[in-house]
Amino acid sequence: MSAQDSASGLVRELDPPEEATNEALQFKSLQIEAKLNTAKDGDGNSKSYPPSVNLLAISNKYGFVVYGISEGFAYAYLADLRTTLRTAPKSTTVPFEKQNKVLTPGRTVHHLRLSADELTLFVVFEDGAFRTWDVRRLGAGEQAEGTEGDRISDQPIIDFCPNPEAHPDMWAAVDANKQVYIGEKDKKLRAITKDVTSICWSPKGKQLVCGTSDGRMLQVTPDGTVKNVVGPPAGLGDAKRVTTIAWLENTLWYTCYATEFEGQEVELEPYVISQDGTPKTTTYRKLDHATYPEEPEEPDGPKDAKLFVEVLKNWGGKGYNLILGDPRAPEFGYQGQTPDTLDWTNWDIDDTSRVSIPMTEDGKQPYVIGTALD
């Protein structure tokens with residue numbers, strides 16, 4: 001543990017805690033080593049994607065899932081997906097027929113996101129443009145074309161986040177040039193913060209946190225006004241950028257930094273950051289690595305560091321549990337709060353209860369291009 005005074009109050013850095021066992025957090029396969037094939041025979045999803053994509057969205061409110069396919073995206077009901085997996089023979093790949101495929105010829109999908117009411121689907125393409133679809137029409141099996149939105153940028157979009165509550169018609173995006181854009185229905189697209197590498201709305205959607213290429217976190221309003229700045233932990237040194245942020249509560253964030261060596265990103269450094277008290281105290285709780293990246297088997301496999309973060313609150317006791325997917329790793333990682341002390345730790349999950357990514361039929365290791373919790 002280290003502590004120091006700063007102009008904005010006290011800063012504390014806490015060392016990683018010991019790993020702990022979590023018996024309440026269990027993930028069981030619907031069928032042992034069974035997989036669904038969502039493509040036509042001989043027409044698998046063979047496209048290569050950057051690690052910034054997210055090609056999976058789930059509505060637990062209405063019970064449907066949307067996922068990327070090589071020629072566009074598809075809509076299906078979760079109940080049909082579960083039934084198909086449960087009834088599949090063990091260790092097989094079975095076709096999935098009960099899906100509504102929407103083709104987007106000549107346009108590769110990079111992001112699938114749902115609006116706050118889960119009735120509008122945002123589909124962001126690799127060229128910086130997007131379309132919206134009414135999911136009720138997709139659920140009815142219609143082959144709707146969707147509504148074309150304003151082009152966000154002439155650069156690829158690395159993150160796209162619909163507002164979760166306060167501004168239901170608003171969304172935020174950041175492009176490969178590290179520029180943040182705010183869009184809203186029937187209003188002109190506006191550019192706000194620059195030099196940004198990751199974004200996340202607050203739980204109620206009143207502010208946006210923007211992680212920067214020099215390791216800062218900026219809390220901004222939708223008009224770009226900066227309300228708070230959280231610097232990086234001193235223990236990281238100079239070479240870092242924010243790759244992932246999950247805004248858990250008003251002054252509680254899960255943040256990952258990518259550190260570099262000779263210009264190459266080599267590690268993801270996870271921290272839980274909190275602020276409280278007067279004068280304000282910023283606490284950086286260092287966590288050990290939860291995922292273990294491997295070198296990509298293909299030359300165009302994912303190399304950049306980032307995490308997919310899914311959040312469970314008060315599951316098996318008080319506190320947060322995080323399920324972490326790394327595009328470079330064959331297994332998911334788990335971190336969270338111990339129910340008795342609410343301190344953060346890495347979870348040791350039994351091998352039979354962990355989520356792993358099965359090898360392809362030709363023996364290759366696939367990588368994560370989207371996560372969502374059903």
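Colleague: Where is the place of Ala329?
Modeller: In this predicted model, Ala329 lies in the loop between strand S27 (320-325) and strand S28 (333-337).

Colleague: Why is Ala329 called buried?
Modeller: The relative accessible area of Ala329 is 2%. Buried means under 20%, so Ala329 is buried.

Colleague: Which residues does Ala329 touch, not counting residues up to four places away in sequence?
Modeller: Ala329 touches Thr291, Tyr292, Pro293 and Ile357.

Colleague: Which residues of helix H1 (residues 78-86) are buried, and what puts them on the same side of H1?
Modeller: Leu78, Thr84 and Leu85 are buried in H1. They cover an arc of only 130° around the axis, and therefore lie on the same side of H1. The strands against which the buried residues of H1 pack include S4 (35-37), S5 (56-59) and S8 (93-95).

Colleague: How do you know that strand S19 (residues 208-212) and strand S20 (residues 217-220) pair?
Modeller: Four bridges join S19 to S20. Pairing requires at least two bridges, so S19 and S20 are paired, and they run antiparallel. Val209 stands opposite Gln219 in S20.

Colleague: What makes S18 (196-201) and S21 (226-230) edge strands?
Modeller: The open sheet has the order S18-S19-S20-S21, with antiparallel pairing. S18 and S21 each have a single partner strand, so one side of each is left without a neighbour in the sheet. Neighbouring strands of this sheet are turned by 20° against each other on average, direction ignored.

How values were computed
Residues numbered from 1 in each chain as written. Predicted model: local features only at pLDDT ≥ 70, side-chain atom pairs only at ≥ 80, totals over all residues. Heavy atoms only, no water. Helix = DSSP H or I, 4+ residues; strand = E, 2+ residues; numbered from the N terminus. Buried < 20%, exposed > 50% of the residue type's maximum accessible area, 1.4 Å probe, protein only. Contact = heavy atoms within 4.5 Å. Arc of directions from axis to C-beta. Axes fitted to C-alpha atoms, helices over the stretch in contact; angles between N-to-C directions.
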